[in-house]
Amino acid sequence: MEREMAVATPRLTTGNPLALLVEEIKAMDIDAFINTAIMVAIAATVLAKLTMINHSIGRGWTAEEMAIRIPIDNWDLYNDILSNHPVQTKAVTSATVYTIGDVIAQRSEGSKMGELDRPRILRSLLAGLIGHGPLSHFWYERSEGVFTDVLHLTAWWSFVPKIVVDQTTWGPIWNNSYILLLGLMKRESLSTIWGDVKRTTIPLIVSGLKLWPLAHCITYGLIPVENRENRLLWVDMVEILWVTILATSAAGAHVTTTEEKTD
């Protein structure tokens with residue numbers, strides 16, 4: 001009995017704290033450790049960047065002053081960068097959102113921390129970086145130009161046709177572009193990608209109609225045209241929820257296609 005206890009709990013046989021720590025690390029799921037370490041490192045870096053924006057002039061500030069100034073100064077800095085580098089800024093913003101959305105999607109699908117598919121997360125990040133961010137920039141710029149300069153729709157109710165056009169053109173185009181980008185990054189055949197597109201197009205349009213018309217009342221109705229550079233920031237905030245739906249649909253379509261090929 002004593003021998004069994006010694007075998008089952010080898011960590012209790014040594015009083016060396018470092019050895020105990022090593023044993024605990026060895027007992028951890030290595031994938032869970034890596035995924036957690038990556039997320040903690042990213043979160044710590046972002047938090048440090050946000051809170052250290054006024055480190056050179058903030059000495060002696062009270063907690064209340066810091067709570068007020070840090071968000072305002074970060075917002076001003078973001079808008080300065082956005083003004084000087086709009087496409088790159090929107091690309092990085094969308095990449096961040098698509099990464100968060102895919103992680104949430106995998107967790108909602110039942111994946112534990114150690115089971116998160118890092119290549120899948122990377123593909124979503126790249127889809128936001130090279131796809132959604134740059135394409136959205138040009139969509140919002142060009143569509144606003146058409147409504148304002150060509151159609152001369154500037155009345156308060158003009159947000160309604162903008163939403164209709166958005167949902168019937170840009171929405172399906174981007175959803176299918178996302179499926180296409182993921183398929184290409186996974187080096188799937190065009191027939192497989194096309195099958196995924198056909199399976200997800202209508203369901204994603206239906207899902208989008210439950211979310212985006214209301215969200216775009218703010219995008220096109222409340223955010224002034226002169227501040228339209230910030231429209232994508234609002235859209236990306238909503239995208240965290242939408243990417244969860246999009247990534248789950250993309251993964252489900254791929255599984256269905258694979259099963260049909262197997263049958």
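# Briefing: an all-helix predicted model

From the N terminus on, the elements of the protein run α-α-α-α-α-α-α-α-α-α. That comes to 10 helices and zero strands, where helices (H or I, at least four residues) and strands (E, at least two) are DSSP runs numbered from the N terminus. The model is predicted: local features need pLDDT of at least 70, side-chain atom pairs count only at pLDDT 80 or more, and totals for chains, interfaces and linings use all residues. Residues are numbered from 1 along each chain as its sequence is written, and side-chain values use heavy atoms, with hydrogens and water left out.

**Overall numbers**

- Of the 263 residues in the protein, 34% are buried. Buried means under 20% relative accessible area, exposed means over 50%, and partly exposed lies in between (1.4 Å probe, protein chains only).
- The protein exposes about 15800 Å². Carbon and sulfur atoms supply 68% of that area. Accessible areas come from the Shrake-Rupley method with a 1.4 Å probe; for residues, only the protein chains shown count as cover.
- Among contacts with a separation of 6 or more, 72% join residues 24 or more positions apart. Contact means heavy atoms within 4.5 Å.

**Nonpolar core**

- The largest nonpolar core has 28 residues. Such a core is a set of buried Ala, Val, Leu, Ile, Met, Phe, Trp, Tyr and Cys residues joined through side-chain atoms within 4.5 Å.
- At least two residues of this core come from each of H5 (86-108), H6 (118-150), H7 (159-185), H8 (190-209), H9 (212-221) and H10 (231-262).
- H10 gives the largest share, eight residues.
- Tyr-98, Tyr-178, Trp-212 and Leu-246 have the most contacts inside the core.
- Leaving aside neighbours within four places in sequence, Leu-246 is in contact with Tyr-98, Trp-174, Asn-175, Tyr-178 and Leu-204.

**The buried side of H9**

- Trp-212, Ala-215, His-216, Thr-219 and Tyr-220 are the buried residues of H9.
- They lie on the same side of H9, because they cover an arc of only 120 degrees around the axis. The arc is that of the directions from the helix axis to the C-beta atoms.

**Salt bridges**

- The structure holds nine salt bridges. A salt bridge is a side-chain nitrogen of Lys or Arg within 4 Å of a carboxyl oxygen of Asp or Glu.
- Lys-90 and Glu-229 meet through their side chains in one of them (2.5 Å, N to O). This pair links distant parts of the chain: Lys-90 is in H5, Glu-229 is in the loop between H9 and H10, and they are 139 residues apart. Lys-90 is buried at 4% relative accessible area, whereas Glu-229 is partly exposed at 26%.
- Arg-231 and Glu-144 form another salt bridge (2.6 Å, N to O). Arg-231 lies in H10 and Glu-144 in H6, so the pair ties together parts that are 87 residues apart in sequence. Arg-231 and Glu-144 are both buried.
- Glu-188 and Lys-186 also meet in a salt bridge (3.5 Å, N to O). Glu-188 counts as buried at 14% relative accessibility. Lys-186 counts as partly exposed at 27%.
- Asp-102, Glu-109 and Arg-120 are linked in a network of salt bridges.

- Ile-30, Phe-33, Ile-34, Ile-38, Ile-42, Val-46 and Leu-50 form a nonpolar patch on the surface. Together they have about 590 Å² of accessible area. Patches are made of residues with over 30% relative accessible area and no salt bridge: like charges are joined within 9 Å, nonpolar side chains (Val, Leu, Ile, Met, Phe, Trp, Tyr) within 5 Å.
- Ile-38 is partly exposed, with a relative accessible area of 40%.
- Ile-70 belongs to H4 (residues 63-84) and is buried, with a relative accessible area of 16%.

**Positive phi in loops**

- His-152 has a positive phi of about 55 degrees although it is not a glycine. His-152 is in the loop between H6 and H7 and is exposed at 56% relative accessible area.
- Arg-187 also has a positive phi, near 55 degrees, and is a residue other than glycine. Arg-187 lies in the loop between H7 and H8 and is exposed at 78% relative accessible area.
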